[in-house]
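Please read the following paragraphs with the model open beside you, turning it as each part is described. The account moves from the whole chain to its sheets and then to a single residue.

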Amino acid sequence: MSRYRPSRAYQQELDVRFPGDHVPGWARPLVEGQLPNSAAWLVELPRRAGKTWLAHAVERARGALRPSRRVDLRSPAEAARRRGLGCLRGGKQAPGVPAGCVVLVDEPARARGGAVVAAGGRTAGTGAPAHGGVDPAALATGLAQVRDAGAVPVVLATPAEHLLLAPHLGADAPKDVLRPPRLGADECARMAARAAEWAPGVVALLREAEPGWLQTPFLLELALQTAEEHPALRTDPARLATAAYEEACGRHQYVPQWFHDGLAAEHRAALRARRWRDAGVEVAVPAAHPPPADDPVLVRHLPDVLRIHHITDLHHGGGLRANVDAKDTSQAGQRLAELAGAGSPLDAYLEHVRQLAGQGRAPHLVIATGDLVNRPVDADGETALGWLRTLAGHLADHPDLRPDDPRVLLTGGNHDVSWELCLDADPQARHRWFARVFADYPHPDLHEPDPAARRLYVTYPGAGLRVALLGTAESGGEPAHDRDRERLERFRAEYVAAAGAADDDAVRRIVLDFERHDPGVIARGVLDRLTREPGYVTLAALHHPLSPVPAVEIAPYSGVVNAGQAKWTLADAATSLVLHGHTHLGFTAAERLLGTARPWTTRIAGAPALGSRESDERNGYNEVFVAREGGEHALALRTVRFEAGAWTPAEPVAFHPGAPDETPLRDLCTIPR
């Protein structure tokens with residue numbers, strides 16, 4: 001027989017908060033029948049937090065000699081009238097309760113259909129007429145009548161009901177609000193004692209690793225029921241919490257009950273806005289007293305906003321912009337330059353991320369879209385690797401990410417291609433250096449000749465996120481003219497024959513002097529593998545731009561030559577945001593292809609060069625935010641530029657995946673999809 005069942009009816013012997021004759025201190029005003037300062041005591045509890053059990057416990061603790069009455073306002077009006085409390089539903093008769101009686105009012109402002117009802121008898125948030133609900137103003141008047149009769153009104157309210165009712169209770173109403181505390185250690189121990197052979201150990205593990213499950217009797221009993229049904233989870237608090245979360249959402253409908261029904265729109269907006277602010281994005285919403293944000297089910301339903309830094313065009317080993325124009329090369333001048341922040345934006349970015357980590361706002365993921373080095377030589381590759389390792393050490397953890405999920409994703413750029421190998425019989429030879437040096441990081445595997453064998457999507461199941469890694473430097477380093485290709489072939493053959501052995505450095509110096517193209521192209525075999533994945537939001541990362549940017553560059557093949565095909569396929573695969581580099585320019589666009597079977601708008605974002613000085617604008621990066629709510633996602637994007645020694649963010653642009661229009665952040669919080 002099951003010892004744990006969180007939805008069971010009240011049983012005195014199982015009540016961990018009111019064991020025997022014990023009354024917790026916070027509940028004494030109710031049990032002792034103390035008169036409130038305003039029209040009523042207001043006990044605020046979320047749904048599934050034990051309001052009904054509390055009402056039964058207060059009745060039992062008062063006993064037969066101290067009268068109490070309980071009324072559920074979901075019941076027909078006649079039921080309240082029979083108990084002498086028709087006034088609570090707007091009735092004209094005086095309350096028929098004795099002085100000193102504690103009147104426990106449950107479901108104070110709800111329609112019988114289950115929707116919270118606002119003043120005037122209209123359903124909150126919809127404006128639709130309510131059926132069977134109680135007007136909060138009429139209820140407050142009835143509560144005052146009960147108090148005037150010498151009885152003690154106690155309203156058991158959700159945060160949403162509190163918000164509706166409090167304005168009608170008078171100026172002293174805040175003094176009469178009671179919020180039961182989290183379960184104490186003794187209360188947890190009482191519940192664990194039902195299965196003394198294993199439950200105390202589970203409670204100890206939860207207290208250490210998942211303390212949110214020890215907030216209310218319902219949550220703890222749900223976790224212990226899950227452990228009872230799945231003994232293998234009793235020593236693994238993370239898996240136990242996940243299984244309990246699934247039980248809460250499935251069997252118990254916890255999210256609809258707690259989040260959508262138990263909270264008002266203002267509370268939900270405040271919770272959403274709070275996580276945006278925690279991510280470093282200010283958003284103004286109407287003020288409300290939000291409930292605690294550490295409910296373990298809510299934390300999984302509405303997790304922290306996932307932060308992604310999109311960096312590009314680092315150009316390690318190339319011409320980097322200097323943070324300080326140090327014209328004085330003396331030792332004193334160099335010391336002054338160091339004090340003023342000498343170095344490159346690459347150094348400043350690492351320090352910036354380190355500071356963000358100290359503020360709890362470091363990125364969770366980093367996507368680098370090419371030109372990690374200026375030329376593919378081992379010394380610069382090692383420098384880039386060391387820089388990436390330092391960066392990875394500052395990244396933040398996120399509850400939706402597993403320990404083995406890759407945190408840094410790469411795509412190669414045209415500068416990462418071994419141009420001197422463009423004449424090799426194997427077209428993929430030019431990509432082997434990048435694949436070898438950056439083997440520890442997911443990248444598009446352009447060294448693989450078969451597009452079907454290349455890595456495509458990196459998937460984060462907990463976050464409902466996919467990132468498509470698309471290699472566009474497939475044909476990088478091609479000689480610009482056929483006659484140059486023929487001359488290079490002859491030169492290489494003659495040089496090798498004369499020298500008796502290939503002098504790679506000598507060959508490289510001459511080969512790199514020839515004019516060449518770096519066209520962007522995505523292999524058709526890769527595009528054919530792009531697919532939709534229900535329940536996921538999809539990003540794509542590549543080096544070359546898919547669309548012309550707002551800058552004039554007279555050059556052949558400056559973008560992706562098959563961009564039209566790529567856009568069509570990416571839209572059909574429900575790709576929400578495409579990140580690119582190459583142009584050294586921060587740029588954002590929204591494109592929608594007409595005539596498609598399913599309307600879809602794809603956003604495209606280029607980032608400024610992070611390190612290179614070959615740019616007409618300040619160095620910087622893009623910050624991408626992915627906000628998950630259950631199985632739905634919203635995104636926001638902003639460019640952060642390094643100006644006057646500080647990293648300055650632009651205003652964010654927010655949108656729902658595939659939506660034709662952008663959405664103000666305030667609306668993301670107040671009018672979710």
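Helices (H or I, at least four residues) and strands (E, at least two) are DSSP runs, numbered from the N terminus. By that count, the chain has 21 helices and 22 strands, and the place of H309 is in strand β8. The model is a predicted one, in which local features need pLDDT of at least 70 and side-chain atom pairs count only at pLDDT 80 or more, while totals for chains, interfaces and linings use all residues. Residues are numbered from 1 along each chain as its sequence is written, and side-chain values use heavy atoms, with hydrogens and water left out.

Of the 673 residues in the chain, 54% count as buried, where buried means under 20% relative accessible area, exposed over 50%, and partly exposed in between (1.4 Å probe, protein chains only). Among the contacts (heavy atoms within 4.5 Å) with a separation of 6 or more, 72% are made by residues 24 or more positions apart.

A second open sheet is built from 6 strands in the order β11-β12-β15-β16-β18-β17, and its pairing is mixed. Because β11 (457–460) and β17 (587–592) stand at the edges with a single partner strand each, one side of each is left without a neighbour in the sheet. Neighbouring strands here are turned by 20° against each other on average, direction ignored. Between β11 and β12 (residues 465–469) the pairing is antiparallel over 4 bridges, with T459 opposite R466. Helix α20 (residues 563–572) packs on this sheet, touching β15 (537–541), β16 (575–580), β17 and β18 (601–606), and its direction makes about 140° with that of β16.

Strand β19 (residues 620–629) is mostly covered, with 10 of its 10 residues buried. In a regular strand the side chains alternate between the two faces of the sheet. In β19 both faces are covered, with G620, N622, V624, V626 and R628 on one side and Y621, E623, F625, A627 and E629 on the other. Strand β20 (residues 632–643) runs antiparallel to β19 and is joined to it by 10 bridges, V626 being partnered by L635. Their hairpin has 2 residues between the strands, and G630 takes a positive phi near 65°.

Strand β8 (residues 306–311) is also antiparallel to β19, through 5 bridges, and H310 stands opposite N622. Why does H309 count as buried? H309 does so because its relative accessibility is 0%. Not counting residues up to four places away in sequence, H309 touches Y349, V353, L356, P363, L365, V366, I367, Y621, N622 and E623. With the side chain of Y349, the side chain of H309 makes a polar contact at 2.8 Å, that is, a pair of N or O atoms within 3.5 Å; within protein, one must be able to donate a hydrogen and the other to accept it, and residues adjacent in sequence count only if both atoms are side-chain atoms.

Terms used
Two strands pair if DSSP finds at least two bridges between them. Axes are lines fitted to C-alpha atoms, for helices over the stretch in contact, and angles run from 0 to 180 degrees between N-to-C directions.
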